[in-house]
Amino acid sequence: MLRGIDPILDVDGVLFDIDDTLVDTRSAFAAALAAVSAVYLPHLRDDQHADVLAHWRADVGGHYRAYTRGEVGFRAQRMARITALHGEFGGPPIDDAEYEAWDAVFGEAFEGAWRAFDDALDALERLSAARLVVGALSNASVEHQVHKLRRVGLERVPMLVGVDTLGVGKPDPRVFALACERLGTAPGRTAYVGDELDIDALAATQAGLRGIWLDRPGARRGGAHLEDPARADGVAVVTSLTGLADLLVV
């Protein structure tokens, strides 16, 4: 399904966000947080686990985005998010000495639950058949995302730019420009698709790319004030990667 504007057919390449675009990271976070809760938040009722997931994904303190702006390191933002999560749901304090154990519980369950979305491979095959080059631009590290793409069977998507490439991530326009350079396509002839309206589709559009918002039903991570289709002026909106392929392939 496509909302917003007429089909875009004049592109040479497509840049993908990875998490919650190609890979169902929301479900992986749910598995990771369930494992963490079993150890550190065993008092939670079953109906509270959805709230734990929502709290983690919303990152209300903006700690992960501070990391993508180069203001704090990965461990510092992760510690801040753990502290906020435990403070909200009554977990024990986690200090530096206990961080590794917490992160190991989280990481093992997280990685074990990585799965590509069902529509990802077919969409990539259709784009390839149409001779559109593809690549990935992510606000996670290059090594981490290369491993993730390989783990879920999407190694055909080259990881071009991560948050560690320039020391900053989206929405900085420099990361979009570098990703286009490495993809070998002009920004104005490059589509960028991601699940977050502000730092994906709108930021890509402002950087001169053809921004596309992937608004999967029931999958939004933020509030309506950030992710309202009425604010997506000039941005195409698709509800699946099948819709993306329909948008870009004749």
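**Ground rules**

I am working with a predicted model, in which local features need pLDDT of at least 70 and side-chain atom pairs count only at pLDDT 80 or more, while totals for chains, interfaces and linings use all residues. Residues are numbered from 1 along each chain as its sequence is written, and side-chain values use heavy atoms, with hydrogens and water left out.

**Entry: helix α4**

I began with helix α4, residues 74-89. Helices here are DSSP runs (H or I, at least four residues), strands are E runs of at least two, and both are numbered from the N terminus. I checked the length of α4: at 1.5 Å a residue its 16 residues should span 22 Å, and the end C-alpha atoms are 23 Å apart, which agrees. The expected span is 1.5 Å times one less than the number of residues.

Which residues of α4 are buried? I found Gln77, Arg78, Met79, Arg81, Ile82, Leu85, His86 and Phe89. Buried means under 20% relative accessible area, exposed means over 50%, and partly exposed is in between (1.4 Å probe, protein chains only). The cover over these residues includes α1 (25-40), α2 (49-58), α3 (63-68) and α5. Just past the helix, I noted that Gly90 takes a positive phi of about 80°.

**Entry: α4 against α5**

Two packed helices are described by the angle between their axes and the distance between the axes. For α4 and α5 (residues 96-112), I read axes that come within 11 Å and cross at roughly 85°. The axes are lines fitted to C-alpha atoms, for helices over the stretch in contact, with angles from 0 to 180 degrees between N-to-C directions. The two helices are therefore roughly perpendicular to each other; that label covers 65 to 115 degrees, with under 35 roughly parallel, over 145 roughly antiparallel and the rest oblique.

Next I listed who meets whom, taking contact as heavy atoms within 4.5 Å. From α4 come Phe74, Arg75, Arg78, Met79, Ile82, Leu85 and His86, and from α5 come Asp96, Tyr99, Glu100, Trp102, Asp103 and Phe106. The residues of this contact divide into 7 nonpolar, 1 polar and 5 charged. In that count, Ala, Val, Leu, Ile, Met, Phe, Trp, Tyr, Cys and Pro are nonpolar, Asp, Glu, Lys and Arg are charged, and the others, Gly among them, are polar.

**Entry: Ile94, between the two helices**

Ile94 sits in the loop between α4 and α5. Ile94 touches Tyr40, Met79, Ile82, His86, Tyr99 and Trp102, leaving out residues up to four places away in sequence. Ile94 and Met79 are 15 residues apart in sequence, and their C-alpha atoms are 7.9 Å apart.

**Entry: two threonines**

Thr25 belongs to helix α1 and counts as buried at 1% relative accessibility. Its side chain makes a polar contact of 2.7 Å with the side chain of Asp19. A polar contact is a pair of N or O atoms within 3.5 Å; within protein, one must be able to donate a hydrogen and the other to accept it, and residues adjacent in sequence count only if both atoms are side-chain atoms.

Thr185 lies in the loop between α9 and β5 (190-194), and I noted it as buried, with a relative accessible area of 10%. A polar contact of 2.6 Å joins its side chain to that of Thr190.

**Entry: helix α11**

I found helix α11 (residues 241-248) mostly covered, with 6 of its 8 residues buried. At its start, a side-chain oxygen of Ser240 reaches to within 3.3 Å of the backbone nitrogen of Thr242.

Most residues other than glycine have a negative phi, and most peptide bonds are trans. Asp59, in the loop between α2 and α3, has a positive phi near 45° and is buried at 11% relative accessible area. Arg131 also has a positive phi, about 65°, but is exposed, with a relative accessible area of 77%. Lastly, I noted a cis peptide bond joining Lys170 and Pro171, with omega about 15°.
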